[in-house]
Amino acid sequence: MVTVLLAEDDADIRDLVTFKLRQQGYEVRAFEDGLSALASARDEMPDLALLDITMPGMSGLDVCRELRADPATADVPIILLTARAQESDIETGFSVGADDYVVKPFSPRELVSRVQAVLARIQA
Amino acid sequence: MNGPPGALAAPAQSAIQAANVAFLLYFLLINTSYLVLIVLATAEFTAHLRSAPFAAREERYANPLTSAVSVIMPAYNEEATIVEAVSAMTALRYPQFEIVVVDDGCTDGTFERLREAYHLIPVPRVIPDDVRVHGRVISVHVPRHSAAPLVVVRKENGGKTDSLNAGLNIARHPLVCMVDADCLLDPDALMAVSSPFAQDPLRVVATGGVIRVANGCKVVAGRVTDVRMPRRLLPGIQVVEYLRAFLLGRTGWSRLASLVIISGAFGLFRRDLVVEAGGLDPATMGEDAELVVRLHRRMRERRRDYRIVFVAEPVSWTEVPAQIRVLARQRRRWHRGLTEVLWLHRRLVGNPAYGRVGLLALPYFVIFELFAPIVELAGIAFLVLGLTAGIINLGFAWLFLLVAYGYGLMLTMIALTVEEMAFHRYRRWSDLGAALVASLAENFGYRQLTAVWRLQGSWAAIRRSGHGWGVMTRQGFTGGSKDEGGA
Amino acid sequence: MTAGTAIPPGVIRVVVLSLAGCIGLLGILIVTARVLRRWREHRRAALNALARTWLLELATGDDARVAGARSRVAALDRRQWKALEPTVVSLLAKVKGELRSSLVSLFDERGTTEHARHGLASGGRFRQVRRARAAALLGSLGNQDAWAPLCAVLEDRSLAVRIAAARALGQIGVAGAARPLLGKLAGSRRVPSDIVAYALIQLGPGAGRDLVQAVSHEEPLVRAVAVEILGRTGAVSAVQTLIAALRGDRSEEVRIRAARAIGRLGMLAGVAPLLTIIDAGESTTLRAAAAAALGDLGAGAATPRLERLLHDPAYHVAHNAAGSLLRLGPAGEAALTRVVTDGEEQAAAHAMEVLAIASIEAARRPRGRTRQAARHRKEMHR
């Protein structure tokens with residue numbers, strides 16, 4: 001089963017994304033802050049990480065750079081969730097090693113297709 | 001009362017008695033002034049918290065009025081931490097910014113570490129001489145592959161202030177943010193501290209962010225991820241002190257439009273105005289406070305409508321001294337800086353031409369900050385003298401202690417209450433207990449000791465002023481700010 | 001002894017007791033505040049969790065389940081819905097597509113829109129949170145009819161309500177809101193500029209005429225914001241207004257912003273006025289802004305002038321001229337290369353700098369997202 005690691009502090013979105021991904025047959029490990037998501041990734045490597053950029057404490061960008069810095073987790077595909085119209089987030093996101101991004105507000109369907117696309121690209 | 005005349009002559013007796021009454025009044029006034037500042041701060045927080053849910057923070061990122069920021073980060077021999085510190089800085093959330101690291105003639109591997117991590121390559125930069133710099137710039141480097149917004153400047157050693165000035169010249173963006181290399185910022189720190197500029201773009205000239213104590217907190221990847229009270233008493237007392245004096249005190253001053261101190265550990269300025277003012281003054285120890293007073297002065301002299309604002313949202317965390325020796329050095333340095341700044345700008349004190357800054361803020365700083373340590377110590381001395389000579393009775397002594405320390409304790413409790421209601425960053429019950437213990441313990445020894453150190457700081461400033469103000473101090477990093485933290 | 005130091009014990013007792021009382025009260029206050037907040041957080045989380053399970057059904061995209069969820073929400077009584085509403089409102093701002101439309105229709109079915117408009121009209125200091133929430137809800141729903149009452153609420157005495165109304169007006173996007181929004185940058189009951197500016201951008205080009213008029217407002221902040229927004233959303237017709245502001249505004253800040261806006265609009269009519277500013281004895285900041293604007297504008301005709309500006313004694317003018325030349329494309333780049341070999345020392349240095357940085361950036365440019373990430377990964381391993 002394909003495991004997706006999710007870090008999102010907003011409970012509404014966290015539940016929504018978890019629900020939608022599970023519906024598509026993914027296993028989802030969801031966390032409300034960057035730190036526990038990072039710990040979980042180090043514990044057991046996920047197939048993909050979906051990180052919200054805006055989280056207090058460790059942001060998604062921070063988790064991303066930590067995952068990339070550790071050889072064990074450096075190859076995890078990473079998708080960032082960012083709020084609308086923030087090109088800077090996307091730029092910073094790529095500079096710390098993200099693979100793709102999804103802009104909020106998003107439709108749940110769009111999110112799922114992005115996850116599928118990134119997984120397909122990595123396997124190819 | 002039944003006080004025997006004793007060995008002292010009558011005039012001496014009445015002088016001691018008058019002094020005791022005067023000291024009592026002083027403490028009553030100083031504590032009441034704190035109370036006023038806390039009330040003002042509370043009003044500010046209330047208004048802010050009420051509108052915060054409706055002012056979507058995310059939209060600030062898409063806002064045309066959000067100006068680009070150059071973060072200037074001076075570094076001196078920080079090889080152990082520099083890569084993590086820079087990496088945390090480059091991952092800040094902000095629409096457009098650059099990190100300017102100034103290597104102030106480091107003698108260790110600071111630059112090498114950065115070069116390895118970022119594959120730095122030299123670029124031929126033309127550097128303006130907008131502000132005067134003593135240590136020559138040797139080279140400028142940028143990352144070869146990574147798009148991280150990073151510029152590393154190598155220069156000859158010249159001290160922290162000189163590094164900040166060199167960074168000012170290199171900085172490309174309209175706003176400059178000065179940070180200490182060992183400061184831990186929240187991911188949204190730049191956004192928070194720059195928002196007054198976006199809210200009132202034509203008037204805001206500088207903002208300062210609140211500094212909180214990192215000791216005891218859990219830190220991962222250069223971010224504070226879990227806020228806790230330090231386990232040891234000395235840093236614990238400083239947490240309470242920072243809450244009262246910086247968080248609430250400075251918010252109060254900001255509300256009065258008379259903020260004269262912005263911490264060098266996290267302040268944001270309009271670059272053009274700082275350049276116009278000649279940059280930071282390497283001849284003073286409190287270069288951050290001096291710059292703010294100078295900005296006030298120039299704005300007032302030009303009759304410009306301007307604002308200098310304090311941002312209370314928790315943004316920046318610093319490790320405070322956990323050893324008495326280091327704390328002593330820090331407080332001496334702070335008070336020496338304050339003394340120098342007030343002396344340098346003495347013409348403003350009480351001068352109606354400088355508005356509230358001249359009539360309110362600076363006189364307040366002279367009376368209740370500059371002179372506070374001497375009054376605190378003399379107050380105790382005279383109290384003991386008066387008691388032993390039988391000039392004052394025990395009742396008066398009690399009243400004195402109640403006004404000086406009991407009232408002070410109550411103020412600290414108010415500060416803790418406001419923190420709990422407005423920010424509630426400390427979530428554990430044990431943290432609350434530790435804060436209460438620290439508030440109480442502060443009055444036994446800590447206050448008196450800091451008074452001694454502050455007095456020593458003033459004394460150092462007075463002695464030095466005899467040699468004139470023009471002398472360059474090659475102070476800065478080696479002067480000891482490194483392990484002291486800043487605020 | 002004199003009265004000054006003779007304190008009767010009664011006074012001390014009163015002082016001690018009142019101080020101790022205050023300190024004790026504050027302690028109780030802290031504990032109560034904490035307990036209350038925890039309790040409220042807990043309750044809200046429980047409510048939200050319940051609400052979310054229903055709302056998630058809406059996200060399944062499965063018709064039968066969506067219909068079931070909708071009927072269950074419709075059956076809620078007023079009190080239950082009131083507790084649920086904040087969750088639905090906040091979710092509304094976070095999603096788009098089908099899920100959003102089903103959420104919006106939930107509100108319509110319950111008649112909440114009407115309710116919010118009543119809330120907007122509720123008076124008094126103590127109802128400010130209600131008014132602000134109502135304004136935010138109408139904005140989130142994108143309710144076009146609400147624009148007039150929202151404009152009225154811009155005058156509210158509470159800052160929170162004014163902010164919520166200004167944002168809502170931006171979300172609704174009725175161009176008629178431009179003038180009242182601009183008015184909130186001056187006077188006594190203001191709205192922070194960033195909120196107003198963002199709302200104005202959302203109104204789009206339809207607000208152009210009001211923005212042009214605002215460029216002659218007496219308050220510099222109004223002019224500055226209007227100029228800034230015109231540079232982003234403004235139609236071509238705004239160019240003449242911006243040129244006039246560049247030439248003759250009383251505030252230097254407004255002129256600098258006008259220069260930037262002209263550059264961003266990219267109209268050739270802006271070239272001559274920008275060059276005039278650079279030649280005239282204006283401040284360095286303004287001249288530098290004009291030099292940068294020429295690059296944004298992309299006027300190839302300005303190449304020779306920009307090339308000469310590389311020799312300008314003012315650092316920021318010369319530097320921005322170099323950057324502008326680079327942005328002008330091949331002709332500008334050729335000019336820069338020429339100056340590197342033949343130019344005077346200072347001009348050559350400026351040219352060399354921008355060319356060097358451009359070549360680093362070109363080498364860095366990603367050819368594909370994944371490839372860049374892969375390279376980054378490799379780098380970090382080294």
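I looked up strand 1 (residues 69–75) of chain B and found it mostly covered, with 7 of its 7 residues buried. Buried here means that 20 or more other C-beta atoms, placed from the backbone, lie within 10 Å of the residue's own. Strands are DSSP runs of E with at least two residues and helices are runs of H or I with at least four, numbered from the N terminus.

This is a predicted model, in which local features need pLDDT of at least 70 and side-chain atom pairs count only at pLDDT 80 or more, while totals for chains, interfaces and linings use all residues. Residues are numbered from 1 along each chain as its sequence is written, and chains are lettered from A in the order in which they are written.

Next I checked directions. Val69(B), Val71(B), Met73(B) and Ala75(B) point one way from strand 1 of chain B, and Ser70(B), Ile72(B) and Pro74(B) point the other way. In a regular strand the side chains alternate between the two faces of the sheet.

Then I looked for neighbours; two strands pair if DSSP finds at least two bridges between them. Strand 1 of chain B runs parallel to strand 2 (residues 97–104) of chain B, joined by 7 bridges. Val69(B) has Phe97(B) as its bridge partner there. Parallel strand 6 (residues 175–179) of chain B is joined to strand 1 of chain B by 4 bridges, and its Cys177(B) stands opposite Val71(B).

Last, I turned to chains A and C. Their contact (C-beta atoms, placed from the backbone, within 7 Å) takes 26 residues from chain A and 25 from chain C. Helix 1 of chain A gives the largest share of chain A's side, 8 residues.

Conventions:
Buried ≥ 20, exposed ≤ 12 C-beta atoms within 10 Å, placed from the backbone. Contact = placed C-beta atoms within 7 Å.
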